Amino acid sequence: MRIAVIDYELCDPKKCDFACMKICPRNRAGEECISKKEIVYKGVKKTVPIIDESLCIGCALCVKKCPKKAISVVNTPEQLKEVPIHRFGKNGFVLFRLPIPFKGVVGLLGPNGVGKTTAMKILAGEIKPNLGSVDKDVDWSNIVRTYRGNELQSYLEKLSRGEIKTAHKPQNVSELARGHTTNDLLDNVDKDIIEALEIEHCLNRDIASLSGGELQRVAIARTASQEADIYYFDEPSSYLDVRQRMNMAKLIRRIAEDKPVLVVEHDLATLDFLADRIHVFYGVPGVFGVVSKPYSVLNGINIFLNGYIKEDNVRIRKPITFEHSLKPDVKTKKVVVEFGVIEKSFGSFSLLVEPGQIYKEHIIGVFGANGLGKTTFAKILAGVIKPEKGNISKNIKISYKPQYISSSFHGTVAELLTTVKDPYSIEFKSEFLEPLDIVRLLEKSVSTLSGGELQRVAIALCLAREADVYLLDEPSAYLDIDQRLAVAKLLSDHITRTGTSACVIDHDLLFLSYLSDHAMVFTGEPGKHGHASSMPLSQGFNQFLKDVGITFRQDPETKRPRANKPGSQKDMEQKEKGNYFSVS
C-alpha cells in the first residue's frame, strides 16, 4: 500500500507554482496523478495539490522537487494488507489498528507522530474513526464489524452507544489551564489524591504561577478524580522529577486495580514501574502508524529497543543498546570550570553547592527533585544570577537552554536558527538538523511548533553557539525515546569534536545514564533548602535512588537500567545490600 501525505501547513503553491504537478511523470504523460483542489485549511480557503495514490508510482520526484519539504510518499510494510482505522483527510496521516484496553495499565510506546494520541482520542470517543474513508461518514456498524471477534468489538459497541464514560488527561496540559483557576481544576478532587501527588500548596493559587510540573500534577489529579469507565493519561511524566513520577505511577496503578487505564509514556523507567502490558507503535512519523499486538512490559520495551516486530515481520529501526552506559569516571582531562562553595538564597529558600570541577569533554548529569535549586545553579553557572558567596573560577562562555521554552519568536524556524548560524549550510545540516530531524521544520512558523519540535529547535540553537560549556535544562521533555537517544549521541559527539563540556539537568534516568560521565546530585527539602555535591556517576545514581526508595537492575538483553517493582524479591535484595543501582 502506497501512502502519499501532504503537510498543508507547509505547502505553498503560490511560491512554487505547483512544481510537484509539473515534475510528476504521470502528469506529464497526460494523467492526473497530482491535481488541484480547493480546500479549507484552518479556516482559510486555499488551492492545493492532491495526490491520487492509486496512480502514484512512488518515484518521489515530487518529494525532492517540493521546496517546502511538504510531501511524503512511502510504502507500508508488505504484510500490512488491512483497512486502516482512521485517516485525517485525503493525503493525511493514516492509523492502522487500535490498542486494546483491559483492567490494568496498558502502555503505549513509540515515536512521536505515529498515532498514539490519535488512538487514545478514538478510544476516548473524541474522534470517530472513518476506516480510511475521508469523503463520507462511516456508520458505527461498519466500524464494529471490522473488529468482529476481536477483544475491541464489545468496547466499540458500547462506545458507539455512548455507554463508555472516559477521563482523559491531554498531552498539552496548558489546554486544561485556559480559563480556569487551580480551585476550578481541583474542585471535588479527593484529599488523598492531592496528598499523594503533593500538590496541597497549589490550592488557591493563580494558574499562571504554577510551574510545568505543578500544572502536570494538577491535571493528573483532576483526571484521576473523575468517575469513569476508562482512564487515559497522555505523557503524564513530563516535567515531573523521579519521586513525583513514582507518586504518579502509584496513583495510576491504584486506579487500574478496578478500571482499565491507557498511558502514553516515553520514560522507560517509569513505564517499567507503571505498565502491565505494552503496545508498540511504529511507522513513519506524520505519515502512518501501526499498533502492534500487546506484549508484557519487559518484552514490549525490549522489542521496541531491538527494533523488530516479529509478528508483523518488520524492522522498525536499528537496535538500541545501553552497552556503553556508565562510562568510567576519568579525571585526567583538563579542568574547564572550577568552583568553591557557592551559596544563594531566594526568600525562604537557600542553596549550598559543594566545591566541584567540570572537565574538558565531560558531560555532567545533574539530577535531584524539583525545587532543590538545579535551575538556580544553572543560572549561576550561566552568569544570569549572582550568588551571595562563591564564584566561578574564570570567565567562560556558557550556552544555556532553559527549562521552559518560549514560542513567541515571530518568524520561521530557519529565521530563528539564522540568529546563530546559516541553517542551510551543509555543515549545519549534517551536524544538527539531520540528527535532530529539523530539516522539514525549517519553513514552519515557530509559533506553530509542537512541544517536541520546539524542544529540538532549542537544543540545536544551544549547541550551535560557540561556548566552553553547554548547559541544557530538561532537554528530554516532550521528546520520544529515539529523539532522546539522538540528543544524547549528538551532545556526546559535539563536545568531543569541539573539546568543550556540558551539564545536563534531567529526570529521565536512562537518558542521564546513557550520556553522563559524572554526576551532580541535589538533595534537601524542595522549596526550602537544597544541597549539591559532585561524585562519580554510579555513586550518584545509588545515592539518589536510595533517597527516592527505588532500585534499578540491568536488563540482560538490552543492558538498559530497568526499575524493579517495589516489594519484589530483587527490589528487597538490592535494598538489603544498599545497592540501589545494580548496573555494571
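Is Cys20 buried or exposed? Cys20 has a relative accessibility of 7% and counts as buried, where buried means under 20% relative accessible area with a 1.4 Å probe, protein chains only. The model is predicted, so local features need pLDDT of at least 70 and side-chain atom pairs count only at pLDDT 80 or more, while totals for chains, interfaces and linings use all residues. Residues are numbered from 1 along each chain as its sequence is written, and side-chain values use heavy atoms, without hydrogens and water.

The whole structure has zero disulfides, a disulfide being a pair of cysteine sulfur atoms within 2.5 Å.

Cys462 is buried at 1% relative accessibility. Among the residues that Ser399 touches, beyond four places away in sequence, are Cys462, Arg465 and Tyr470; contact means heavy atoms within 4.5 Å. Ser399 lies in strand β20, residues 398-401, and is buried, with a relative accessible area of 1%. The side chains of Ser399 and Arg465 make a polar contact at 3.2 Å.

The largest nonpolar core has 118 residues, and Phe233, Val261 and Phe552 are among those with the most contacts inside it. Helix α18, residues 451-464, gives the most to this core, with eight residues. Apart from it lies another core of 30 residues, including Phe93 and Ile230.

Key: Helices (H or I, at least four residues) and strands (E, at least two) are DSSP runs, numbered from the N terminus. Buried means under 20% relative accessible area, exposed over 50%, partly exposed in between (1.4 Å probe, protein chains only). A polar contact is a pair of N or O atoms within 3.5 Å; within protein, one must be able to donate a hydrogen and the other to accept it, and residues adjacent in sequence count only if both atoms are side-chain atoms. A nonpolar core is a set of buried Ala, Val, Leu, Ile, Met, Phe, Trp, Tyr and Cys residues joined through side-chain atoms within 4.5 Å.
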